[in-house]
Amino acid sequence: MGLTRKQIMMLAVLVFGTFVTVLNQTVVAPVLPSVMEEMSVDAATAQWLTTGFTLVNAIMIPITAFLIDRFTTRNLFLVAMAIFTVGSGLASWGPNFAVLLVGRLVQAMGAGILMPLVMTVLMWTFPVDKRGTAMGLFGIVVAFGPAIGPTAAGIIIDRATWHDMFAIIAGLSVAVVVIGLFVLDHGGKTDKDAKLDVPSVILSTLGFGGLLYGLSLIGSYGVSIDAAVGSVAGVVALVLFFRRQLSMEHPMLQVRVLQNKKFLIATVLGMIVQAALLAAGIVVPIYLQTMMGYSATTSGLVLLPGAIVMGAMGPIAGRLFDRHGPRVLSLVGTGVLAATTLCFCFLGPDTGLVWLTILYTVRLFSLSLVNMPITTWGMNALPNDLVNHGTSVNNTLRQVAGSLGTAVIVSAMTVSTNLAEPAMGPVAAGFFGVDVSFAVSALLCIICFGMVIALVKDKPGDAKTRDVGNERRTVLESIMKRDVYTLPENATVAEAVEMLVDKGVSAIPLVNDAGEAVGFVSDGDIMRYLAKRSTVVMDPVVLIMRTVDADGSNSDFKRKLDELMGMPAKSIGAKGIIGVDVHADLPEVCRVLGENHLKKVPVLDDGHIVGVINRSDIARFSMERYLEEVGEAGIPRSTGSKGGHGHGKDKGPKDGGISPKLERAEEAADLPEDEAIADSI
């Protein structure tokens, strides 16, 4: 990786600490049936172990921003892990449900701080040219932890108890804290003037907590005075919380971003999807273990393929979003999500494990097509100065929705089971309750599908409306190259080869009669096609040698090559094209380049290719701007340089440090090598 030994040790501690906390978020699902049996609680009460954890996580997200400003990252990491360890110890002890729940809530306090904090520490610890490696490993952990959590928990529970599972998590957390004391460096400047708005924290806690408490009481005991008081108090506190945020100059949670219609739509869709995701993760293990009699290990294995697919689909969904936009992906995703959730409404004693596993996996696959595209679509609608606030609001409300949605769906299961039991008997009533819970979830998914149809549109003019005075367009046009070679969509492979050779490029966009980009063909497409038809695996050198070989030994290959040349280029090329709008800003261009591993990307104006922008062009432009702004006197130089000034390495732009703009330029110049077909457009 090119990291020093110290950096590797720090990365290992940070990543492993995050892995333990992320793993902890998904191990509870297989535990719930055992807890319900041991402590004689119903599903509506037991689900607090998940929803309460998620709710505290949501409340901690905006608070963490203050904590990161107020304390050094090293101390905050160690304290967060220590809090998480205490919570794990309480959960392991858990003599009754109250202690177990308190342990989970304490765990959530530490875990809620840890996730955004570790990302900050990674950015602070590693230089620009090493951050990609660090963040890549971090991303793998975030995806891998939830995937193996249910299976690992199931194996432990079947061979020991859920107490032992939390004890193992506590032991791993202690190891992280002890090693972190010796490995982590102090880092990050502190702001002693940073203030936390305590009334906002109290109102948000009372609001979200009261509403969740009321809904859970309704699920366990039906409508009662306590449930009504809790729900009403929660709603009132939330109204006061939102009013306070709107009246403050520097609110704890910048809810003003919800005034942006697209961001509001994306946030609501994300909340519904999160509720559907978490609720299924709770109901399915209860169905498998309590009603069908399967082991916790089997329950975890049923959930495993879906979690792996969902984690693996993250980067793939990102590329599909760049190629096709949000509407197609979200329509397919919400449509399949609604259909699979409806299938879950018919679970019964004869449902097979294989069918259930396939259904659950397809359901999580569909969720992956909605989560990232919808979130990105909403974020893209915000101005750059509000993106950080949008992230905080989106994450907070999604977590809250996951808690409240789970409470509603599990409560529906409990209430329907209790109502049906006298007439149907306990076994049949249990299956009926599961089916009703998925019916409620299916209704939410259908609403989500309808919202996508009506409200999510692919509009090329969106970027244009945010480009006041064409400032972004002017910048992009000053950087991009305009000599773009294209072919008509009905061109043959031979015509494509001729242009590839004559122009010295390795990929050519295909355009329709209106001049709109509809696909592209590359030399890689040609080689892959020949490799599939030939008895040997082709590479560029072999292709050239065989093409120019004059003897008759390669007549079969030549015949295949001749056949290929007469085929339509679009039959072997890629459909669609990854591009950026001419009104996009440079951070968005860098995102498309980085997430799709491209060296260059076409610039589109209403679907028409008007230029190509290279990552090296962005780096050069950013560095030139930096040099223009700081001038000769402001350039940081080493002590030994001629005419240099001994500036400290950690100083900011005003006192001779590296500016954020130059860091962004370095990041753009150090993007990974392009392995996609579209790299050479």
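Tutor: Axes are lines fitted to C-alpha atoms, for helices over the stretch in contact, and angles run from 0 to 180 degrees between N-to-C directions. This is a predicted model, in which local features need pLDDT of at least 70 and side-chain atom pairs pLDDT 80 or more, whereas totals for chains, interfaces and linings use all residues. Residues are numbered from 1 along each chain as its sequence is written, and side-chain values use heavy atoms, without hydrogens and water.

Student: How are H13 and H14 oriented, roughly parallel or roughly antiparallel?

Tutor: Helix H13 covers residues 326–344, and its axis comes within 8 Å of that of H14. Helices are DSSP runs of H or I, at least four residues, numbered from the N terminus. The two axes cross at roughly 150°. Angles over 145 degrees count as roughly antiparallel, under 35 as roughly parallel, 65 to 115 as roughly perpendicular and the rest as oblique, so H13 and H14 are roughly antiparallel.

Student: Which residues does Thr-375 contact, leaving aside its neighbours within four places in sequence?

Tutor: Thr-375 lies in helix H14, residues 353–380. Contact means heavy atoms within 4.5 Å. With near neighbours in sequence (within four places) left aside, the partners of Thr-375 are Asn-394 and Arg-398.

Student: Is Thr-375 buried, partly exposed or exposed?

Tutor: The relative accessibility of Thr-375 is 22%. Buried means under 20% relative accessible area and exposed over 50%, with partly exposed in between (1.4 Å probe, protein chains only). Thr-375 therefore counts as partly exposed.

Student: What geometry does the aromatic pair of Trp-162 and Phe-166 have?

Tutor: Trp-162 and Phe-166 are four residues apart in helix H8 (residues 162–183), which means a separation of about one helical turn. Trp-162 is buried at 2% relative accessible area, and Phe-166 is buried at 1%. Rings of Phe, Tyr and Trp (its six-membered ring) pair if their centres lie within 6.5 Å; planes under 30 degrees apart count as stacked, over 60 as edge-to-face and the rest as tilted. The centres of this pair are 6.3 Å apart and the planes stand at 85°, making the pair edge-to-face.

Student: Which handedness does the crossing of H1 and H8 have?

Tutor: Helix H1 (residues 5–26) packs against H8 at about 155°, with the axes 10 Å apart. Among the contacting residues are Phe-16 and Gly-17 of H1 and Phe-166 and Gly-180 of H8. A crossing is left-handed if the near helix is turned anticlockwise from the far one by less than a right angle, and right-handed if clockwise. The passage of H1 across H8 is left-handed.

Conventions: Helices (H or I, at least four residues) and strands (E, at least two) are DSSP runs, numbered from the N terminus.
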